[in-house]
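Subject: Handover of a structure and its findings

Dear colleague,

Please find below the structure that I am passing on to you. My findings follow it, and I would be grateful if you read them with the structure open.

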Amino acid sequence: MTAAHASDLSRRVTQRRQELGLTREDVAHRAGMHPDYLGYLEHAPAVALPRGSLIRLARALESTVDALRGGEADRPPGPGRAGPHPHLDVLTHEECEAHLTNGGIGRLVFLSAAVPVALLVNFRYFDGDIVFRTRARGALAAAAGTTVSFEVDRIDDAMSEGWSILLTGRARLVDDDGELGRIARLGVEPWPGGRRRTVIRIEVESVSGRRIHQGSDR
């Protein structure tokens, strides 16, 4: 059986594992599963996991149950209630960087005609700064030369946990060939596609983050 015939859940598990750069043995150890079973799961045309196993697998993949099931695509995250023992922590600078290292999706917040605007972009974390690609004459490119904010977050509805990071700095149009070459090697690929070759770099001046997690009642 090939991966082309795997279930949606199987494909999401495989994709997320590869995004994290983990082997099946790594994920199986984290989730308390046998590596052979995880291999079967990644190729099965149909699979039904007990919720407890699915939660452990989601946590092993630093994801959520809804994300693995594909239920996050059409609704905003976080409609559930607080967990039984929530704790709110302030993230250190090192913890913030650890969450940002692999890039992903974030929100650029800037002023357009004196009105606050927030738009999603695919980003990478580059030498302590945020970089992304956009259209040369689009709204995002117009933010170059101004002070902006950038927000990244992850929500785990199943566990009532999550984290958010806010960065602030000055957006700059990248026009140096050497700098453009180094950023190009990061592989920033905007989801909207098209000719989005203009590179914006947010020269980060401040970083702050918070995390909600569940602790014991003791």
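Which residues have the most contacts inside the largest nonpolar core? Before the answer, a word on the basis of these findings. This is a predicted model, in which local features need pLDDT of at least 70 and side-chain atom pairs count only at pLDDT 80 or more, while totals for chains, interfaces and linings use all residues. Residues are numbered from 1 along each chain as its sequence is written, and side-chain values use heavy atoms, with hydrogens and water left out.

The cores

The residues in question are Leu 108, Ile 130, Phe 150 and Ile 202, in a core of 22 residues. A nonpolar core is a set of buried Ala, Val, Leu, Ile, Met, Phe, Trp, Tyr and Cys residues joined through side-chain atoms within 4.5 Å. Buried means under 20% relative accessible area, exposed over 50%, and partly exposed in between, with a 1.4 Å probe and protein chains only. Helix H6 (93–100), S2, S3, strand S4 (129–134), S5, S6 and S7 each give two or more residues to this core. The element that gives the most is S6, with four residues. Another core, of 18 residues, lies apart from it and includes Leu 22, Val 27, Ala 31 and Leu 61.

Ile 130 is in contact (heavy atoms within 4.5 Å) with residues including Phe 123, Phe 150, Leu 167, Ile 200 and Ile 202.

The chain as a whole

The protein chain has seven helices and seven strands. These are DSSP runs, numbered from the N terminus: helices are H or I of at least four residues, strands E of at least two. From the N terminus on, the order is α-α-α-α-α-β-α-β-β-β-β-β-α-β. Of the 218 residues, 38% count as buried. Among contacts between residues at least 6 apart in sequence, 68% join residues at least 24 apart.

Salt bridges

How many salt bridges does the structure hold? There are 13, each being a side-chain nitrogen of Lys or Arg within 4 Å of a carboxyl oxygen of Asp or Glu.

One of them pairs Arg 30 with Glu 62, with the closest N and O atoms 3.3 Å apart. Because Arg 30 lies in helix H2 (residues 24–31) and Glu 62 in the loop between helix H4 (51–60) and helix H5 (65–69), this pair ties together parts 32 residues apart in sequence.

Another joins Arg 107 and Glu 151 at 2.7 Å, N to O. Arg 107 is in strand S2 (residues 104–112) and Glu 151 in strand S5 (residues 147–156), 44 residues apart. Arg 107 is partly exposed at 33% relative accessible area, whereas Glu 151 is buried at 17%.

Arg 172 and Glu 203 also meet in a salt bridge, at 2.6 Å, N to O. This pair links strand S6 (residues 161–173) to strand S7 (residues 198–214), across 31 residues. Salt bridges that share partners join Asp 129, Arg 172, Glu 179, Arg 201 and Glu 203 into one network.

Asn 122

Asn 122 is in strand S3 (residues 115–126) and is buried, with a relative accessible area of 12%. Among the residues that Asn 122 touches are Gly 104, Val 131, Glu 189 and Trp 191. A polar atom of the Asn 122 side chain lies 3.5 Å from the backbone oxygen of Glu 189.

Yours sincerely

Note on methods
Polar contact = N/O pair within 3.5 Å; in protein donor to acceptor, adjacent residues only side chain to side chain. Lists of a residue's contacts leave out its neighbours within four places in sequence.
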